[in-house]
Every structure is written in structure tokens, then in C-alpha cells.
Amino acid sequence: MELTPKQKAKELVNKYIPHIAGADRYNSTLGIYDKHISKQCALIAVDEILHTCVESMMYYWNEVKQEIEKL
């Protein structure tokens with residue numbers, strides 16, 4: 001079953017959080033920015049997908065991008 005754009009947006013953002021969390025061991029305030037940075041990474045990924053995907057999938061990925069921006 002294919003995920004809805006909203007579900008896919010959450011999945012992508014959540015995939016980046018563990019990689020970003022604690023990346024800067026000397027900056028204890030980084031945790032506040034983890035979700036923001038994860039969103040930016042997910043948006044970059046979706047932009048790359050949009051540049052290479054077939055036209056029939058563009059609507060779905062544009063919807064995912066909009067959902068990421070809402071998070």
C-alpha cells in the first residue's frame with residue numbers, strides 16, 4: 001500500500017532525525033533544531049526526486065513536499 005503524501009512526508013523527516021540528532025556533540029542546543037534540519041534535508045531529497053521522476057509521479061511528490069513544509 002502506498003503511503004499518503006502526509007505519511008510519506010513524516011516518514012522522510014523522521015528518517016533524518018537520528019542522523020542529525022547529536023551531530024554536534026559540543027552544541028547542547030542543537031536538539032531544538034533537529035526537526036527543522038531534518039525537514040530541510042527531506043525537502044532537498046524530494047527536490048532531487050522531482051528532477052528525476054516521471055511525470056505521472058510529480059503530483060505525488062509535490063504533495064509530499066507541501067506536507068513536509070507543513071510539519
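Visitor: Are Tyr60 and Trp61 buried or exposed?
Guide: This is a predicted model, and burial here means under 20% relative accessible area. Tyr60 and Trp61 both fall in that class. The answer for the two residues is buried.

Visitor: What kind of aromatic pair do Tyr60 and Trp61 form?
Guide: A search of the whole structure turns up one aromatic pair. The ring centres of Tyr60 and Trp61 are 5.3 Å apart, and the angle between their planes is 85°. Planes over 60 degrees apart count as edge-to-face, so the pair of Tyr60 and Trp61 is edge-to-face.

Visitor: Which residues is Lys8 in contact with, leaving aside its neighbours within four places in sequence?
Guide: Lys8 belongs to helix H1, which covers residues 5–20. Its relative accessibility is 18%, so Lys8 counts as buried. With the sequence neighbours left aside, the contacts of Lys8 are Leu3, Tyr60, Trp61 and Val64.

Visitor: At what angle do the axes of H1 and H3 cross, and how is H1 placed relative to H3?
Guide: Helix H3 spans residues 55–70, and its axis comes within 8 Å of that of H1, with a crossing of roughly 60°. That angle makes H1 oblique to H3. On the H1 side the contact is made by Pro5, Lys6, Lys8, Ala9, Leu12 and Val13, and on the H3 side the residues include Tyr60, Trp61 and Val64. The values asked for are roughly 60° and oblique.

Visitor: What is the handedness of the crossing where H1 passes H3?
Guide: The two helices meet through residues that include Lys8 of H1 and Trp61 of H3. The crossing of H1 past H3 is right-handed.

Visitor: How is H1 placed relative to H2?
Guide: H1 and H2 pack with their axes 8 Å apart, at an angle of about 125°. Their crossing is right-handed. Because of the angle, H1 is placed relative to H2 as oblique.

Visitor: Which backbone oxygen does the side chain of Ser38 reach?
Guide: Ser38 sits in helix H2, residues 34–52, and its relative accessible area of 0% is why it is buried. Apart from residues up to four places away in sequence, Ser38 touches Val13, Tyr16, Ile17 and Ile20. Its side chain reaches, at 2.8 Å, the backbone oxygen of Asp34.

Visitor: What separates the C-alpha atoms of Ser38 and Asn14?
Guide: Along the chain, Ser38 and Asn14 are 24 residues apart. Their C-alpha atoms are separated by 7.3 Å.

Conventions. Residues are numbered from 1 along each chain as its sequence is written. This is a predicted model: local features need pLDDT of at least 70, side-chain atom pairs count only at pLDDT 80 or more; totals for chains, interfaces and linings use all residues. Side-chain values use heavy atoms; hydrogens and water are left out. Helices (H or I, at least four residues) and strands (E, at least two) are DSSP runs, numbered from the N terminus. Buried means under 20% relative accessible area, exposed over 50%, partly exposed in between (1.4 Å probe, protein chains only). Contact means heavy atoms within 4.5 Å. Rings of Phe, Tyr and Trp (its six-membered ring) pair if their centres lie within 6.5 Å; planes under 30 degrees apart count as stacked, over 60 as edge-to-face and the rest as tilted. A polar contact is a pair of N or O atoms within 3.5 Å; within protein, one must be able to donate a hydrogen and the other to accept it, and residues adjacent in sequence count only if both atoms are side-chain atoms. Axes are lines fitted to C-alpha atoms, for helices over the stretch in contact, and angles run from 0 to 180 degrees between N-to-C directions. Angles under 35 degrees count as roughly parallel, over 145 as roughly antiparallel, 65 to 115 as roughly perpendicular and the rest as oblique. A crossing is left-handed if the near helix is turned anticlockwise from the far one by less than a right angle, and right-handed if clockwise.
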